[in-house]
Amino acid sequence: MKRLDGKVALVTGAVGGIGTAVVKDFLAEGAKVIVMDIKEDAVQAAVDAYKADGHPVAAAAADIRDADAVKAAVDKAVAELGPVSIVVANANTGGASTTLDKSTPEAFRTEIADNMAGQFNTVHACIDMLKKTGGSIVVVGSVNGLATFGQPGYSAAKSALLSYTRTMATEYGEYNIRANIVCPGTVRTPAWDARLAKKPDVMDGLKRWYPLGRVASPEDIAKPIAFLASDDAAFISGAMLPIDGGLMAGNHQMARELTLEDV
Ligand SMILES: NC(=O)c1ccc[n+]([C@@H]2O[C@H](COP(=O)([O-])OP(=O)(O)OC[C@H]3O[C@@H](n4cnc5c(N)ncnc54)[C@H](O)[C@@H]3O)[C@@H](O)[C@H]2O)c1
């Protein structure tokens with residue numbers, strides 16, 4: 001018996017770095033997966049490849065900012081695979097502001113509103129199904145929602161997702177629906193391609209900040225998501241799990257300077 005045997009999971013951002021790792025891990029754990037992403041061709045190509053390998057998947061190309069499109073895509077996929085009991089709200093809708101000074105009122109509003117609406121629409125399209133059977137919602141936040149690492153609009157949206165997750169955990173608990181949020185640190189995914197093109201050694205600089213001395217792989221994030229989605233986490237709800245190689249635990253360099261050890 002595998003951990004997610006027979007469960008139907010909706011994964012958004014499912015052809016991106018973390019999303020692909022989640023889909024592969026869920027399939028290996030016995031789940032059926034609805035592959036949702038805004039990239040229509042990539043969704044179809046991924047679904048064709050999974051099906052060719054004998055995996056139970058359904059394509060759901062949709063922009064998560066569009067509630068009607070999300071609902072229509074989910075309903076179509078559910079007709080193929082059955083009702084959803086796991087939702088991984090993973091896609092973020094972008095946002096490029098690097099500092100407050102480089103942001104604008106419109107960009108700031110859009111980053112927060114779109115990111116929140118996208119996650120809301122994803123869960124909203126499935127909530128009636130989850131209420132019937134119980135289920136598990138895993139939201140993908142970020143360490144940017146916990147402390148300041150630049151990208152103010154994106155960070156504010158990720159902070160808001162903590163509140164949203166806690167609200168879901170409390171409001172939907174009576175239906176045996178659990179809601180948790182994971183907060184990854186730096187993960188080497190296509191989201192970094194533009195910055196890597198600009199500065200090829202950007203990861204080498206970043207890994208110095210991580211107590212574990214490296215950045216994450218998408219699989220580092222997918223495994224804990226599978227755990228939270230599964231019945232192994234049956235009494236975990238409303239939790240925030242950093243998946244950050246110890247980043248949020250503290251600052252070793254500062255500790256050295258404070259204690260005058262090895263300075
Ligand atoms: N990579 C990191 O360093 C990192 C760190 C912390 C948190 N995260 C979070 O992890 C999640 C996944 O990021 P990733 O690194 O895998 O990024 P990615 O760019 O590799 O994948 C994101 C996917 O989301 C899809 N997407 C974007 N907008 C969409 C929309 N409106 N509707 C539907 N799909 C849409 C994209 O097409 C893409 O396939 C995001 O929520 C991100 O904020 C990433």
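Is Y164 buried or exposed in this predicted model? At 14% relative accessibility, Y164 counts as buried, because buried means under 20% relative accessible area.

Figure 1. A search of the whole structure finds one aromatic pair. A pair of aromatic rings is described by the distance of the centres and the angle of the planes. F120 counts as partly exposed, since its relative accessibility is 41%, whereas Y164 counts as buried at 14%.

Figure 2. With 0% relative accessibility, T122 counts as buried. Its side chain reaches the backbone oxygen of G118 at a distance of 2.8 Å.

**Figure 3. The shell of residues around the ligand.** The ligand is surrounded by 29 residues, and the closest are D37, N90, Y154, T189 and W192. Sorted by class, this shell has 13 nonpolar, 11 polar and five charged residues.

Figure 4. A polar side-chain atom of Y154 lies 2.6 Å from an oxygen atom of the ligand. The backbone of the protein also takes part in this view: a backbone N or O atom of G17 is found 2.8 Å from a ligand oxygen atom, and a polar backbone atom of I38 is 3.2 Å from a ligand nitrogen atom. Taken alone, the ligand exposes 830 Å², and the protein buries 91% of that area. The elements that give two or more residues to the shell are α1 (17–28) and α6 (152–171).

**Figure 5. R195 above the ring of W192.** W192 is among the closest residues to the ligand. The charged end of R195 sits over the ring of W192, at 3.7 Å from the centre of that ring.

**Figure 6. The N-terminal end of helix α10 and the residue that follows the helix.** Helix α10 covers residues 252–259, and N251 caps its N-terminal end. In this cap, a side-chain oxygen of N251 lies 3.1 Å from the backbone nitrogen of Q253. Beyond the helix, L260 follows α10. L260 has a positive phi of about 60° although it is not a glycine. The relative accessible area of L260 is 68%, and the residue is therefore exposed.

Figure 7. Q151 lies in the loop between β5 (135–140) and α6. Although Q151 is not a glycine, its phi is positive, about 55°.

**Figure 8. A229 and V138, brought together in space.** How many residues apart in sequence are A229 and V138? They are 91 residues apart in sequence, yet their C-alpha atoms are 6.6 Å apart in space. A229 is found in helix α9 (residues 218–229). The relative accessible area of A229 is 3%, so A229 is buried.

Figure 9. E29 lies in the loop between α1 and β2 (32–37). With a relative accessible area of 16%, E29 is buried. E29 and K76 are 47 residues apart along the chain, and their C-alpha atoms are separated by 23 Å. L4 is placed in the segment before β1 (8–12), and at 0% relative accessibility L4 counts as buried. Between L4 and K207 there are 203 residues of separation along the chain and 33 Å from C-alpha to C-alpha.

Note on methods
Residues numbered from 1 in each chain as written. Predicted model: local features only at pLDDT ≥ 70, side-chain atom pairs only at ≥ 80, totals over all residues. Heavy atoms only, no water. Near = heavy atom within 4 Å. Polar contact = N/O pair within 3.5 Å; in protein donor to acceptor, adjacent residues only side chain to side chain. Areas by Shrake-Rupley, 256 points an atom, 1.4 Å probe, with all protein chains shown as cover. Helix = DSSP H or I, 4+ residues; strand = E, 2+ residues; numbered from the N terminus. Nonpolar A, V, L, I, M, F, W, Y, C, P; charged D, E, K, R; others polar. Phe/Tyr/Trp six-rings, centres within 6.5 Å; stacked < 30°, edge-to-face > 60°. Buried < 20%, exposed > 50% of the residue type's maximum accessible area, 1.4 Å probe, protein only. Lys NZ or Arg CZ within 6 Å of the ring centre and 35° of its normal.
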